[in-house]
Amino acid sequence: MPDNGRAVVEPDVVRVSVAEVLAAQARLRRYLSTTPLHYAERFGVWLKLENLQRTGSYKVRGALNAMLAGLERGDDRPVICASAGNHAQGVAWSAHRLGLPAITVMPHGAPATKIAGVAHWGATVRQQGQSYDEAYAFARELAAQNDYRFLSAFDDPDVIAGQGTVGIEIAAHAPDVVIVPIGGGGLASGVALALKSQGVRVVGAQVEGVDSMARAVRGDVEEIDPVPTLADGVRVKIPGYITRRLCASLLDDIVIVREAELRETLVRLALEEHIIAEGAGALALAAGRRVAGKRKCAVVSGGNIDASVLSTLLSEVRPRPPRKPRRRNGERLRNARALADASAAPNAATPPRPAIAHQVIAEEESSW
């Protein structure tokens with residue numbers, strides 16, 4: 001397999017298992033708090049709020065786990081990474097906590113809020129290239145020249161295991177389907193590892209024209225430049241080799257979302273649920289309308305959006321009003337029983353309609 005500026009890792013050489021995810025959970029417990037679940041009633045979906053994570057993104061999980069695992073193995077070299085922003089912030093925060101030098105290579109055009117977040121934690125910021133893949137090639141070159149430890153944003157067993165701790169936290173809430181955004185595939189791989197053994201369906205979400213993983217799992221490995229998208233965090237030209245294998249074997253489906261759907265979902269999240277998400281953070285929820293499930297959970301993977309971008313979206317996007325909620329069967333049944341009891345009681349203020357009420361009760365009970 002050609003290198004193309006990447007380290008080649010054959011899929012059958014490096015393996016990641018649930019055991020590594022559980023080990024990652026034990027390592028991270030003392031550093032990171034469990035992020036909450038929020039029920040977005042207007043969407044009918046539970047949201048795993050990784051936008052409330054330490055650095056505003058789930059990426060800190062994988063970065064910190066990889067550094068801790070490296071220290072356990074005696075690897076205390078300076079760390080270097082390539083990132084559109086969130087992985088860089090995770091690496092910077094983790095290196096700050098552990099006292100390790102860190103260099104982050106970010107493409108030109110990376111969101112200013114993410115660059116500022118990296119610099120805040122004392123990491124060195126280098127900007128190179130116009131895309132993640134160009135930044136990746138430059139970071140690999142620096143790592144080889146200076147004997148730095150290169151830390152992939154997704155195609156690393158320790159990083160995948162760290163991201164999988166998101167799935168372990170979700171599992172306690174017993175969902176039947178979990179939707180995750182996909183860029184390089186680290187989050188999707190880790191969450192699927194954590195949940196598939198429990199019978200939970202895991203569905204990936206990508207943006208139209210930024211669907212390298214969806215094509216890769218179908219066997220199409222042609223390199224196509226991703227189109228510009230609000231979801232800059234998942235704008236990856238080549239998915240990981242390890243993650244490709246895991247996604248192909250573990251994911252139940254990959255849903256492709258249109259850019260207009262993504263923009264509308266991000267605005268609705270802000271206006272209706274009061275949750276600030278970046279483009280990639282709203283991607284799983286945008287895909288949720290096409291995923292069937294009684295107890296759906298979408299991962300809001302990050303909230304690091306530039307204020308100017310959010311302001312423009314709020315002024316330009318006019319989301320459609322949400323559908324009126326349907327009355328749940330249990331609520332309908334309780335109301336019917338209350339009506340039947342009231343009609344049977346003496347001096348009832350409500351005009352008696354026992355036949356209708358008892359018919360509703362019979363219909364509901366027969367459907368259980």
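## Elements and model

Helices here are DSSP runs of H or I with at least four residues, strands are runs of E with at least two, and both are numbered from the N terminus. In that scheme Ala174 is found in the loop between α6, residues 157–171, and β7, residues 177–181. The model is predicted.

## Two loop residues with positive phi

Most residues other than glycine have a negative phi. Ala174 is not a glycine, yet its phi is positive, at about 50 degrees. The loop that holds Ala174 runs between α6 and β7.

Asp147 is likewise not a glycine and has a positive phi, of about 55 degrees. Asp147 lies in the loop that links α5 to β6, the latter being residues 149–150.

## Packing of α1 on α2

Helix α1 covers residues 18–28, and its axis comes within 10 Å of that of α2, with a crossing at roughly 90 degrees. An angle of 65 to 115 degrees counts as roughly perpendicular, and α1 and α2 are therefore roughly perpendicular to each other.

From α1, the residues in the contact are Ala24, Arg27 and Leu28. They meet Arg61, Leu64, Asn65, Leu68, Ala69 and Glu72 of α2. By class, this contact of α1 with α2 holds 5 nonpolar, 1 polar and 3 charged residues.

## Packing of α2 on α3

Helix α2 (residues 59–72) also packs with helix α3 (residues 86–98). Their axes are 8 Å apart and the angle is about 40 degrees. α2 and α3 are therefore oblique to each other, and α2 passes α3 in a right-handed crossing.

On the α2 side the contact takes in Lys59, Val60, Ala63, Leu64, Met67, Leu68 and Leu71. The α3 residues that they meet are Asn86, His87, Gly90, Val91, Trp93, Ser94, Ala95 and Leu98. The contact of α2 with α3 divides by class into 10 nonpolar, 4 polar and 1 charged residues.

## Packing of α10 on α12

Helix α10 (residues 259–272) and helix α12 (residues 307–316) have axes 10 Å apart and pack at an angle of about 95 degrees. That makes α10 roughly perpendicular to α12.

Arg263, Leu266, Val267, Ala270 and Leu271 of α10 make this contact with Leu310, Leu313, Leu314 and Glu316 of α12. In the contact of α10 with α12, 7 residues are nonpolar, 2 are charged and there are no polar ones.

## The second largest pocket

Rolling a probe the size of a water molecule over the atoms shows where empty space is left. The second largest pocket holds about 690 Å³ of space. Its lining has 46 residues, and those closest to the pocket centre are Ala84, Asp232, Gly233, Val234 and Arg235.

Two or more lining residues come from each of α3, α5 (132–146) and α7 (186–195). The element that gives the most is α7, with 3 residues. By class, the lining of the second largest pocket consists of 20 nonpolar, 19 polar and 7 charged residues.

Notes:
Residues numbered from 1 in each chain as written. Predicted model: local features only at pLDDT ≥ 70, side-chain atom pairs only at ≥ 80, totals over all residues. Heavy atoms only, no water. Axes fitted to C-alpha atoms, helices over the stretch in contact; angles between N-to-C directions. Parallel < 35°, antiparallel > 145°, perpendicular 65-115°, else oblique. Left-handed = near helix turned anticlockwise from the far one by under 90°. Contact = heavy atoms within 4.5 Å. Nonpolar A, V, L, I, M, F, W, Y, C, P; charged D, E, K, R; others polar. 1 Å grid on protein atoms, 1.4 Å probe; cavity = no way out; pocket = protein on both sides within 12 Å on 5 of 7 lines; lining within 4 Å. Points joined across faces, edges and corners; volume = space filled by probe spheres on them.
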